[in-house]
Amino acid sequence: MTVTGRKQITVSPGMRHARIHGLGGYRPERVVTNEEICQFIDSSDEWIQQRSGIVSRRRAAEDETVIDMAEAASRQALERAGISADQIGVVIMATVSHPFQTPAAAPGLAHRLGIPNPAAFDISAACAGYCHGISLANDMVRAGTADYVLVIGVEKLSDFTDKHDRGSAFIFGDGAGAAVVGVSDYPGIGPTLWGSMGEQAEAITQRESWTELRPQMEDTGRTDPIAWPSFVMQGQTVFRWAVFSMAPVAVQTVEAAGLTPDDLDAFVPHQANMRITDAMIKALKLPQHVPVARDIAETGNTSAASIPLAMSRMLDEGEAPHGGIALQIGFGAGLVYASQVVIMP
Ligand code: UT7
């Protein structure tokens, strides 16, 4: 009985530890070169490589959905974690390119994977979506809300890219990355530093809202294709913000975990632009021995998928050690960001 005389609510016992048990990644088959991109914009392979570090990116097939890509990445993450579908209690899908306002993609994914009756929902935090998902999953596992949480970052940005827009056509790619977060004997996910700057909403945005396009369809009765609300970006604004504001966040994230850059075994920033990564390395004074994710060269900027894809590649190629400490930081449309130190599976 409580002091008010009512029955007490039963809650989960105290905080537990959480860690990433397994990671998975999926890159669509089709490789799109800079030459192909330059068929539609006034640019060159040389300019794209110099200004962004991108050599090629992957594009999903016409009929390949974010749920298809998320399924492939999730199956690999579950297998590597040694966790069965029925152990998953929550599915969190980070995406901004699922082309349905409703329902969310996560319940459909959970159904495909045969996860019985999980809580399943999408989050919209753009390129920081995966790190937001890891933070939520960590808190849920630690608090006892769930034992295992499946976190997916997935994008089919090709559906929302204007191939004629010089400022963004070359940057985006498609793909999926997934992580199984679950109970652990030791702390495997450090404190998350996150935040938002809504005053910078215009910096990366869908060009028109769905409702702005509606009159074109309904009032004019037009049947020809209407303008498509692709994502557009004020490249330089985002670039400057990422370089000057995100580097201090990365430093504070390492400090919040009680570590120094020297303790890191990998640095996995959002794969936004190779020059942003280089600037962050300098600002962090990252020791030479710490390997840095450079997946953008062959994968492009896959927004929510970029960090788990890049970390999976580093582990698969032996560039980063299993069980090592990695710093990950996501930043993008909102503007929003989230960052944490994790023990790699
Ligand atoms: O994932 C979400 C977060 N996103 C990001 O973090 C992206 C951040 N921004 C960027 O990565 C870069 O701003 C871009 C790669 C998008 C652009 O690079 P930039 O160095 O900022 O280019 P800029 O817009 O400052 O343009 C520099 C020059 C201009 O020419 P002038 O005025 O110097 O003669 C542009 O007209 O490059 C020109 N330019 C291009 N040239 C060839 C702009 N776009 C292109 C292009 N091809 N596609």
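How many aromatic pairs does a search of the whole structure find? It finds five, where rings of Phe, Tyr and Trp (its six-membered ring) pair if their centres lie within 6.5 Å. Before going on, note that this is a predicted model, where local features need pLDDT of at least 70 and side-chain atom pairs count only at pLDDT 80 or more, while totals for chains, interfaces and linings use all residues. Residues are numbered from 1 along each chain as its sequence is written, and side-chain values use heavy atoms, leaving out hydrogens and water.

One of those pairs is Phe 160 with Phe 231, 5.0 Å centre to centre with 10° between the planes, which counts as stacked (planes under 30 degrees apart). Phe 160 sits in the loop between strand 6 (148-156) and strand 7 (174-184) and Phe 231 in strand 10 (residues 231-233), so the pair ties together parts that are 71 residues apart in sequence. Strands here are DSSP runs of E, at least two residues, and helices are runs of H or I, at least four, numbered from the N terminus.

Now for the ligand. Among the 22 residues around it, Ser 43, Gln 236, Asn 273, Arg 275 and Asn 301 come nearest; "around" takes a heavy atom within 4 Å. Helix 7 (235-256) is one of the elements giving two or more residues to this shell, and helix 7 gives the most, with four.

Note on methods:
Phe/Tyr/Trp six-rings, centres within 6.5 Å; stacked < 30°, edge-to-face > 60°.
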